[in-house]
Amino acid sequence: MVPGYAPLDDPPPEVCRALRDAAARGARVVSVCTGAFALAAAGLLDGKRATTHWKNAQRLQTLYPDVSVDAGVLYIDEGRISTSAGVAAGIDLCLHLVRKDYGTEAANSIARRMLVAPHREGGQIQFMERPVAAPLDLFADTCAWARQNLAEPLTVDDLAAHAGWAPRSFTRKFVSEAGAPPLRWLDDQRIAEACRLLETTDLTVQAIAGRTGLGTTANFRLQFERRFTTTPSSYRRLYQGRNRAAVPA
């Protein structure tokens with residue numbers, strides 16, 4: 001078991017050698033959080049899927065291009081080599097390994113004793129910081145107007161008209177400033193607002209879908225699950241810490 005560590009320098013040669021020797025003997029090798037960097041330095045992750053904390057995932061991929069880094073999951077079990085995301089995800093992985101070796105009853109018993117969930121829904125993407133979109137100087141007023149009118153079925157033509165530009169010219173300049181097409185930017189704003197409402201209010205999923213312009217409840221759930229691999233209700237429980245009765249709009 002390799003715990004997380006910092007700074008993320010390569011471990012000493014004797015550590016890498018010990019890890020390779022253990023793997024060669026058939027030992028199960030597991031990393032928690034940034035411990036994956038030690039496994040990668042030892043060559044144990046070459047050609048395999050692996051994960052680490054989302055803040056360090058890109059660095060792991062850059063340093064070790066032969067590793068297929070997945071920053072969206074809590075843990076990855078590759079048989080004798082397993083990796084987990086953050087510290088809590090290390091607990092998830094250990095419970096998974098107990099479940100795999102000794103069955104569900106044993107894993108559930110340990111989880112109850114530790115006061116943790118036997119299995120968490122979704123992946124680490126639901127815990128990632130959502131970066132605030134860079135301010136668009138040229139279209140700042142239009143972006144602010146769009147955020148205030150997310151419930152409306154806004155189109156590129158609507159955004160361009162508000163900005164006083166022709167649609168094609170608006171789209172070209174918007175992509176240049178924002179790095180994304182207008183409608184993709186708008187979808188990101190809708191999802192970000194939906195997350196905020198799930199985290200801070202008791203509005204129903206239907207009400208949130210309406211307020212953010214995400215359409216029907218079914219469409220909202222579909223888009224949300226595709227992006228976060230969890231349901232809106234599970235996301236709300238995660239961030240509000242308790243079951244709360246949702247109220248209508």
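In strand 5 (residues 81–84), S82 is the bridge partner of D77, and S84 is the bridge partner of Y75. These pairs belong to the antiparallel pairing of strand 4 (residues 75–77) with strand 5, which extends over 3 bridges; two strands are taken to pair if DSSP finds at least two bridges between them. The model is a predicted one, in which local features require pLDDT of at least 70 and side-chain atom pairs count only at pLDDT 80 or more, whereas totals for chains, interfaces and linings use all residues. Residues are numbered from 1 along each chain as its sequence is written, and side-chain values use heavy atoms, with hydrogens and water left out.

Strand 4 and strand 5 form a hairpin with 3 residues between them. Within the turn, G79 has a positive phi of about 90 degrees. Strand 5 also pairs with strand 1 (residues 29–31), here in the parallel sense and over 3 bridges; in this pairing V30 stands opposite S82.

Strand 5 is covered on both faces. I81 and T83 on one side, and S82 and S84 on the other, are all buried, a term that denotes under 20% relative accessible area, with over 50% counted as exposed and values in between as partly exposed (1.4 Å probe, protein chains only). Axes are lines fitted to C-alpha atoms, for helices over the stretch in contact, and angles run from 0 to 180 degrees between N-to-C directions. D92 is located in helix 4 and is buried, with a relative accessible area of 8%. When residues up to four places away in sequence are not counted, D92 touches L74, Y75 and R120; contact means heavy atoms within 4.5 Å.

A further packing arrangement involves two helices. The axes of helix 6 (residues 140–148) and helix 7 (residues 156–163) come within 9 Å and cross at roughly 130 degrees. That makes helix 6 oblique to helix 7, since angles under 35 degrees count as roughly parallel, over 145 as roughly antiparallel, 65 to 115 as roughly perpendicular and the rest as oblique. At this contact, D141, T142, W145 and A146 in helix 6 meet D158, L159, H162 and A163 in helix 7. The residues of the contact divide into 4 nonpolar, 2 polar and 2 charged (Ala, Val, Leu, Ile, Met, Phe, Trp, Tyr, Cys and Pro count as nonpolar, Asp, Glu, Lys and Arg as charged, and the others, Gly among them, as polar).

In helix 10 (residues 205–212), the residues V205, A207, I208, A209 and T212 are buried. Just after helix 10, G213 takes a positive phi of about 75 degrees.

For the protein as a whole, the secondary structure comes to 12 helices and 5 strands; helices (H or I, at least four residues) and strands (E, at least two) are DSSP runs, numbered from the N terminus. Of the 249 residues, 37% count as buried. Among contacts with a separation of 6 or more, 57% are accounted for by residues 24 or more positions apart.
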